[in-house]
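I opened my notebook to jot down what I looked up, one topic at a time. Here is the structure I was working from.

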Amino acid sequence: MDVMPLLLLVAASAAIAAAARRTPVPAPLLLVAAGLAVSALPGVPDYTLDPEVVLPLLLPPLLYTSAADSSYLDLRAQLRPVALLSVGYVLFATVAVGWAAYLIVPGMPLTAALVLGAVVAPPDAVAATAVARRVGLPSRITTILQGESLLNDATAITAYKVALAAAVGEGATWAGGIGEFLLAAVGGVGIGLVLMAPLHWLRTHLREPLLQNTLSLLIPFVAYGVAEQVHASGVLAVVVVALYLGHRAWEVDFATRLQEEAVWKMVAFVLESAVFALIGLQLPVVLKGLGQYEGLVAAWYAVVLFLVVVLTRFVWVFPATFLPRLLSARIRAREENPTWRGALVTGWAGMRGVVSLAIAFSVPLTVHGGGPFPQRTLILFLTFTTVIGTLVTQGLSLPPLIRLLRFPGRDRQAQTLAEANAQAQASRAAESRLGELLTDERNTLPPPLADRLRSVLERRRNAVWERLGQVNPVTGESVDETYRRLSREMIGAEREVFVMLRDHRYIDDEMLRALLRRLDLEEAAAYREAG
């Protein structure tokens, strides 16, 4: 196997994603554009998406890191709108888009059209939230979009399997389809519930850093693989496990949390970058074998299907946003009033991505009996154009749309006050606990060391309040920012001395690594405070 094309893909996509941070263009869009441009160059290796790689090897870690960073409590509070989008909308889009394709493409069987509908139904798990976070959407809308992207792949994959069974001649029925959907949903959630507690126990009881990080990397693949082995939804199993582990992450050793965060940030960055570059690189593949659909005919189908996909989302989102509130007094009393601006942004944030392409590439070449799968190449092409169209059109226009709608920003002062009050309560509890510990003769400390512990608490308590204070007229820094900067400068001076002592053989490399690790942890704490 030639590894050079893979290395080039990872290196180039990472470089482009890093460069995108210096531009107003979201990284997913720049990566897709780069992939499209590179695909037209002669001599470019074949980067055909393999669903046997994308679904079991790329999807689980991307879902896991996104779900682990989500808020279980926020998602639970928005469960109804999330379910309406991740289940209701995906099924509605499958039928609506499939029916539209059946009407506009001569000779396309309804079953094949429904396969296409299921393929393009789920919005991407990364693109929408990446754009939403960058432009500062209200937290409720971000939570809904993120929750939808975590769960909709499970609905789409199940709908695809049911439609595909009918298309290839396996005699699928409505009852069988509903049964398969329930098996996938209930089974996936059940597998996640069974696995989450043992996996959390392992995370909290392993003491070897290498084993801890290895377990962390294996968790999404274990959850996905076990669920798929029993024909349940691996997507739901991964999401359930990740939400639980993320919610209970505070029980894990602090060093493990620091290491896991660094590892998963790197993994997510590399995978997300490569995935969006891969989307653009599929252009030569999807253009092969179009035959009678080449030229204006194929372009017409692509434009119509893109418009149907976009309009279908609005047709679902606005009623799903406002009707439950109109019909239920309980919802009106319990939930805040949704706005047309939020519904508009939610409707426009429907970018498709790599999961749709991966599912499309998994469409078999033949049906039962040996005949070719009807319009398979056209399904690939229309999926590709829909993904590119939504990423480019909606992805580029979503940030200015959000700015035009002028969503109210978060009250930074109120957030800082809430943080300060939380820190004050925690500091009082810590002081009380310290007083209890120091009364035990086993914990006797010299007065300077006991005072140092108290000063650390005092410093932590005052740090948040200092952010609201005056700034240095020379540097523009608050007292807290100056303190953190000076702390890092002091740590840097210590680090230079340790290295000098190692170079002069006063200490060996093993001791240097131990000393530097302590400084690294202190600097990491200072960096986290900087927020």
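Which residues do ring pairs link into a cluster? I found Phe 314, Phe 318, Phe 322 and Trp 348. Before going on, a reminder to myself: this is a predicted model.

I counted the aromatic pairs next, and the structure holds six. I picked the one made by Trp 99 and Tyr 102, whose ring centres are 5.4 Å apart with the planes at 40°, so this pair goes down as tilted. Both residues sit in helix α5 (residues 79-104), three residues apart, which is about one turn of the helix. My background note here: an α-helix has 3.6 residues a turn, so residues three or four places apart point the same way. I also checked how open the two are. Trp 99 is partly exposed at 44% relative accessible area, and Tyr 102 is partly exposed at 35%.

**Entry: the nonpolar core**

I wanted to know which residues have the most contacts inside the largest nonpolar core. They are Val 115, Ile 279 and Phe 373, in a core of 112 residues. Helix α18 (residues 376-405) gives the most to this core, with 13 residues. Another core lies apart from it and has nine residues, among them Tyr 89, Ala 93, Ile 144 and Ala 343.

Then I looked at Val 115 on its own. Leaving aside neighbours within four places in sequence, Val 115 is in contact with Tyr 160, Ala 163, Leu 164, Ala 167, Val 363 and Phe 373.

**Entry: helix α6**

Val 115 is also one of the buried residues of α6, so I looked up that whole helix, and eight of its 11 residues (the helix covers residues 110-120) are buried, so α6 is largely enclosed by the rest of the structure. Besides Val 115, the buried ones include Ala 112, Ala 113, Leu 116 and Gly 117. Further along come Ala 118, Val 119 and Val 120. What covers them? The cover for the buried residues of α6 includes α5, α8, α14 (296-327), α17 (354-361) and α18.

**Entry: salt bridges**

How many salt bridges are there? I got nine. I went through three of them by hand.

The side chains of Lys 161 and Glu 228 meet in a salt bridge, with 3.9 Å from N to O. Lys 161 lies in helix α8 (residues 139-168) and Glu 228 in helix α10 (residues 209-229), so this pair ties together parts that are 67 residues apart in sequence. Both ends are partly exposed: Lys 161 at 35% relative accessibility, Glu 228 at 28%.

Glu 261 and Lys 265 form another salt bridge, and their closest N and O atoms are 3.5 Å apart. These two both lie in helix α12 (residues 254-281), four residues apart, about one turn of the helix. Is each one exposed or partly exposed? Glu 261 is partly exposed at 32% relative accessible area, while Lys 265 is exposed at 55%.

Asp 520 is partly exposed at 41% relative accessibility, and Arg 495 is partly exposed at 22%. I also noted a network: salt bridges that share partners join Arg 502, Asp 503 and Asp 509.

**Entry: Glu 180**

The C-alpha atoms of Glu 180 and Lys 161 are separated by 8.8 Å, and the two are 19 residues apart along the chain. Leaving aside neighbours within four places in sequence, Glu 180 is in contact with Thr 158, Lys 161 and Val 162. At 31% relative accessibility, Glu 180 is partly exposed.

**Entry: a patch on the surface**

Which residues make a nonpolar surface patch of about 380 Å²? I wrote down Val 3, Met 4, Leu 7 and Leu 8. Of these I placed Leu 7, which is in helix α1 (residues 4-20).

Conventions. Residues are numbered from 1 along each chain as its sequence is written. This is a predicted model: local features need pLDDT of at least 70, side-chain atom pairs count only at pLDDT 80 or more; totals for chains, interfaces and linings use all residues. Side-chain values use heavy atoms; hydrogens and water are left out. Patches are made of residues with over 30% relative accessible area and no salt bridge: like charges are joined within 9 Å, nonpolar side chains (Val, Leu, Ile, Met, Phe, Trp, Tyr) within 5 Å. Accessible areas come from the Shrake-Rupley method with a 1.4 Å probe; for residues, only the protein chains shown count as cover. A salt bridge is a side-chain nitrogen of Lys or Arg within 4 Å of a carboxyl oxygen of Asp or Glu. A nonpolar core is a set of buried Ala, Val, Leu, Ile, Met, Phe, Trp, Tyr and Cys residues joined through side-chain atoms within 4.5 Å. Buried means under 20% relative accessible area, exposed over 50%, partly exposed in between (1.4 Å probe, protein chains only). Contact means heavy atoms within 4.5 Å. Rings of Phe, Tyr and Trp (its six-membered ring) pair if their centres lie within 6.5 Å; planes under 30 degrees apart count as stacked, over 60 as edge-to-face and the rest as tilted.
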